[in-house]
Amino acid sequence: LNRQDTRYKIYIIITNTHIFINCLRRRTCSALQPLCFAPSYHKNQSLNLQTVATLKTTIAQIRKVKVGETIGYNRKGVVTRDSVIATIRIGYADGFSRKLSNGSGFVMIHNQLAPVIGNVCMDMTMVDITDIPNVTEGDSVEIFGANLPVEQIAKWCNTIAYEIMTS
């Protein structure tokens with residue numbers, strides 16, 4: 001950087017499999033912000049980059065719900081068939097965007113996408129796991145990572161990956 005502004009120092013570390021950007025703000029704080037680069041999102045496949053950031057949570061509760069019942073704030077999620085709904089431990093207070101509500105977003109459970117049903121709540125989110133076998137309370141849920149790139153979450157939210165990483 002050839003700038004006179006010395007409030008920020010940016011360090012970029014490139015290894016054979018990862019790229020890290022460390023932005024240090026001199027007066028207030030420092031934060032390491034690893035960027036997720038999935039090879040499918042890049043034209044130069046020869047780099048063989050791997051995801052360097054993952055956000056996971058777990059399933060708090062699983063309930064069977066009948067057709068016609070509603071899920072979430074303001075009863076926005078309406079079940080269109082008898083379903084199995086998992087409540088996961090993440091919400092908008094944790095940075096999980098409300099833009100992912102009502103089938104706009106998904107999470108990864110047992111390597112399968114599970115759609116968000118209803119509005120994202122403050123501390124919890126409900127997802128439909130009807131078509132995913134053998135899911136139990138306590139199972140891991142990938143919000144973004146190796147199987148679900150942060151760029152895809154950003155696309156569902158109509159934004160950019162940096163906003164997802166810093167919300």
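Me: Buried means under 20% relative accessible area, exposed over 50%, and partly exposed in between (1.4 Å probe, protein chains only). So which of these is Arg81?

Reply: Arg81 is partly exposed, because its relative accessible area is 36%. One caution: this is a predicted model, where local features need pLDDT of at least 70 and side-chain atom pairs count only at pLDDT 80 or more, while totals for chains, interfaces and linings use all residues. Residues are numbered from 1 along each chain as its sequence is written, and side-chain values use heavy atoms, leaving out hydrogens and water.

Me: Thanks! What does the side chain of Arg81 meet?

Reply: The side chain of Asp131, in a salt bridge with 2.8 Å from N to O. The rule asks for a side-chain nitrogen of Lys or Arg within 4 Å of a carboxyl oxygen of Asp or Glu. Asp131 is exposed, at 55% relative accessible area.

Me: How many salt bridges are there by this rule?

Reply: The count is one.

Me: And what does the pair tie together?

Reply: Parts that are 50 residues apart in sequence, because Arg81 lies in the loop between strands E6 (77-78) and E7, and Asp131 in the loop between E10 and E11. Strands (E, at least two residues) and helices (H or I, at least four) are DSSP runs, numbered from the N terminus.

Me: New topic: how many residues does the largest nonpolar core have?

Reply: It has 27, and Val107, Ile109, Val127 and Ile129 make the most contacts inside it. E4, E7 (83-88), E8 (106-109), E11 and H1 each supply at least two residues of this core. Apart from it lies another core of seven residues, including Val65 and Ile71. A core here is a set of buried Ala, Val, Leu, Ile, Met, Phe, Trp, Tyr and Cys residues joined through side-chain atoms within 4.5 Å.

Me: Which strand is Thr57 in?

Reply: Thr57 sits in strand E4 (residues 55-65), and counts as buried at 10% relative accessibility.

Me: What is Thr57 in contact with?

Reply: Leaving aside neighbours within four places in sequence, the contacts of Thr57 include Ile88, Arg89 and Val141. Contact means heavy atoms within 4.5 Å.
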